[in-house]
Amino acid sequence: MSRGRILLAGAGGQLGWELRRTLGALGEVVAMNSATLDLGDAEGVRRRVRDLAPSLIVNSAAYTAVDKAEGDAARARAVNAVAAGVLAEEAARLGAPLVHYSTDYVFDGSGTAPWREDDGCAPLNVYGATKLEGERLIAASGCAHLIFRTSWVYGLRGSNFLLTMRRLMRERDELGIIADQVGAPTWCRDLAEATAQVLARIAVPGGGFDAAAPWGIYHLCNTGETSWHGFAEAIRALDDADVRLLPMPTHDYPTPARRPLNSRLDCGRLERAFGLRLRPWREALELCVENT
Ligand SMILES: NC(=O)c1ccc[n+]([C@@H]2O[C@H](COP(=O)([O-])OP(=O)(O)OC[C@H]3O[C@@H](n4cnc5c(N)ncnc54)[C@H](OP(=O)(O)O)[C@@H]3O)[C@@H](O)[C@H]2O)c1
């Protein structure tokens, strides 16, 4: 098992908070948040990585405010693309792998088939475009990398659909919820645990990771599918909330950023490569809510 130093960027986010715990089994985690490692400062990031000389970099930081990104493209690009590229260049220089996360929003959401890793990307919004650019810079750097594309991430911390719904369900009698965007809600704890399991599988005795491991892009989300409306109904049932949920089409809820209708991700590649499949999304949601 690898016991080197792991640089974790984005440790204050919902996924980062969980990774801090799961990565601890693999090495000494140096957890950085936006105050201690600003991904908006590319040269600062480069210096910090060189100082720390980690044996693994895990980047769960991102500019995730999808609507805000439409009016703040330079900042979103700096964090989601340029900084990811710098982390990858430095990882290549150190011979350390990079684990990074991306999104269903790299796709245009057409059709109904689950997206595979090699399907053509055509993001509909700035967030998706900057995340895709980040993926491409990582691939171009030549570092050993795992990019996990996930969807609809939630947990009990930070800002996410579960927490927003719980608040709104207390405040309102009736809520209109988008019913024609389909994807898989994914519990950040399951993502963090799967990340650690994959890394444990490719760690080599005595330290480091297997250079011949199947590095690359993987789709990773809880299994099954639903709409935001279906997700809200499941939250209402678990919380026994007294609220009417009205299904709404996307075109009745205009937002600055366009969002894909079909966010289904085919996670078969991960299962074939690592024998790993995340639990069904409803089961994950129940477990998450039980932790409240
Ligand atoms: N959330 C979703 O629904 C979703 C869906 C698909 C994919 N993903 C991807 O999954 C990964 C984890 O997302 P998440 O849901 O855990 O996001 P999150 O809770 O929003 O956390 C993102 C973290 O990034 C940090 N960050 C933002 N700007 C930064 C900067 N300039 N320098 C350093 N850190 C910065 C934030 O720190 P501050 O809070 O201090 O700014 C925050 O802690 C990301 O790659 C995201 O793109 C998320």
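**Close-up views: cysteines and ligand shell**

**View 1. Cys188 and its closest cysteine sulfur.** The sulfur of Cys188 sits 6.8 Å from that of Cys288, the closest cysteine sulfur, which is too far for a bond. The model shown is predicted. Cys188 is buried, and its relative accessible area is 2%.

**View 2. Cys221 and Cys267.** For Cys221, the closest cysteine sulfur belongs to Cys267, 3.5 Å away. That is still too far for a bond, because a disulfide needs two cysteine sulfur atoms within 2.5 Å. Cys221 is buried, with a relative accessible area of 3%. By this cut-off, the model has zero disulfides.

View 3. Ser34 places a polar side-chain atom 2.4 Å from a ligand oxygen. A polar backbone atom of Leu15 lies 3.0 Å from an oxygen atom of the ligand. On the nitrogen side, a ligand nitrogen is 2.7 Å from a polar backbone atom of Leu39. On its own, the ligand has 900 Å² of accessible area, and the protein covers 79% of it.

**View 4. Residues around the ligand.** The shell holds 25 residues. Ser34, Leu39, Thr64, Tyr127 and Lys131 come nearest. By class, 10 residues are nonpolar, 11 are polar and four are charged.

View 5. Which element gives the largest share? Strand β4 does, with three residues.

Note on methods: Residues are numbered from 1 along each chain as its sequence is written. This is a predicted model: local features need pLDDT of at least 70, side-chain atom pairs count only at pLDDT 80 or more; totals for chains, interfaces and linings use all residues. Side-chain values use heavy atoms; hydrogens and water are left out. A residue is near a molecule or strand if one of its heavy atoms lies within 4 Å of it. A polar contact is a pair of N or O atoms within 3.5 Å; within protein, one must be able to donate a hydrogen and the other to accept it, and residues adjacent in sequence count only if both atoms are side-chain atoms. Accessible areas come from the Shrake-Rupley method with a 1.4 Å probe; for residues, only the protein chains shown count as cover. Helices (H or I, at least four residues) and strands (E, at least two) are DSSP runs, numbered from the N terminus. Ala, Val, Leu, Ile, Met, Phe, Trp, Tyr, Cys and Pro count as nonpolar, Asp, Glu, Lys and Arg as charged, and the others, Gly among them, as polar. Buried means under 20% relative accessible area, exposed over 50%, partly exposed in between (1.4 Å probe, protein chains only).
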